[in-house]
Amino acid sequence: MGTRITQSSFTRGEISPRLDARTQLEQYAIGLKVAKNAIIHQEGGISNRMGLEFCGEVKYSNKITRNIKFVFNSEQTYMLEFGDKYVRFIKDGGYIVYPDNHQKAGQLVEITTPYSDADLPYIKRSQSGDVLTLTHPKYPVKNLSRYSHYDWRIENAVFEPEIAAPTGIKAVWKGEISSNTREYQYLVTAVNGETNEESKRSGIAKATGHREANWLTDEYMTISWNAVQGATEYNIYRAVNGVFAYIGVAEGTSFIDDNIEPDMTSTAPMYKNPFANNNHPSCSAYFQQRKIYGNSEKNPQTLWTSKTSAQNNFSVSRPLIATDAITLNMDDREVNEIRHLIPMKDLLVLTSNSEWKVNGTDGVFQ
């Protein structure tokens, strides 16, 4: 009579041949030598992998193609066929075709991309809503956006605030100008009414007035600017030893500075684009309301994060504040390039030779 063995869990999956004789290990008791076409469930069970469905032949059968998933929600899912300089779209078991009322009626929905078939294995992606971000070390970051079932567009990512900076800024002194004068400098930023994101700095307005200690009660500086579409308010800053510090907020397009004490803990944002000059990142992820990029050819061990709740904005302040963009270097004895970013409870950073867990001391990424 043969030996009867009961195995109640398969959670370890396939184990290495090096463990073939290590029967004393827990992993051996819940592992498999081969798990072909199988799905291991976290509860311990195992089931056959579901089959594949033939949806159609790729555009170029003699070239490399790659399928990348696009998931908006559980009901709106697509498979994207990336090939040599193109993308086609599959849903519900078939290619998407333009409807009868479209100028391309009956043709497959297809868009052009810059990626050759040789580039496809090196594309990495991350997704938020209807936007799929594509990174490749030889190309600028691309956003593949779904505007409708039949309208897909691929565009370069823009790394700057969504709202424009104010223009036409002027400063006018109201009062006497005799002795004890100096030059004042002002700038203004617009605030997005929907996201509260702050724009780039405006130009600088200059005007001469009395030194602060000599201002009279009826003297003041009027700062004005042109309105910005989408702005609900504007932040005004005055220069102190070369640093533009906050002096107030305005809902209209003018502001009166009657010798307001600048707040040196809140300064005008300084615009940064870490991916200028062909410094293209090769991977991306979303983590704690920030967009994160990693690994360019010039900086293979570097992480760049956007400002909090502003995924295309990499501005910083002086002094730094908690919501500013962050640049991190994964310094190690070896130069191991960052290959994958995995957002979990912490941000997991997988390099060519090691793993890192990144987070703040209080659990907040700042």
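Colleague: How many salt bridges does the structure hold?

Modeller: This is a predicted model, in which local features need pLDDT of at least 70 and side-chain atom pairs count only at pLDDT 80 or more, while totals for chains, interfaces and linings use all residues. Residues are numbered from 1 along each chain as its sequence is written, and side-chain values use heavy atoms, with hydrogens and water left out. With a salt bridge taken as a side-chain nitrogen of Lys or Arg within 4 Å of a carboxyl oxygen of Asp or Glu, the number that the structure holds is 13.

Colleague: Are Glu 81 and Arg 88 buried or exposed?

Modeller: The side chains of Glu 81 and Arg 88 meet in a salt bridge, with 3.5 Å from N to O. On a scale where buried means under 20% relative accessible area, exposed over 50% and partly exposed in between (1.4 Å probe, protein chains only), Glu 81 and Arg 88 are both buried.

Colleague: How many residues apart in sequence are the parts that Asp 257 and Arg 238 tie together?

Modeller: The side chains of Asp 257 and Arg 238 form a salt bridge at 2.6 Å, N to O. Asp 257 belongs to strand E20 (residues 254-257) and Arg 238 to strand E18 (residues 231-240), so the separation of the parts they tie together is 19 residues.

Colleague: What is the relative accessible area of Arg 238?

Modeller: Its salt-bridge partner Asp 257 is buried, with a relative accessible area of 0%. Arg 238 is buried as well, and its value is 2%.

Colleague: Which residues do salt bridges that share partners join into one network?

Modeller: Arg 339 and Glu 337, which meet in a salt bridge at 3.1 Å, N to O, count as partly exposed, Arg 339 at 38% relative accessibility and Glu 337 at 32%. The network made by salt bridges that share partners consists of Arg 182, Glu 212, Arg 238 and Asp 257.

Colleague: What is the radius of gyration of the protein?

Modeller: The protein has one helix and 28 strands, where helices (H or I, at least four residues) and strands (E, at least two) are DSSP runs numbered from the N terminus. The globule rule, 2.2 Å times the number of residues to the power 0.38, is set against a radius taken over C-alpha atoms. For 366 residues this rule gives 21 Å, and the protein is more spread out than a compact globule because its radius of gyration is well over that, at 28 Å.
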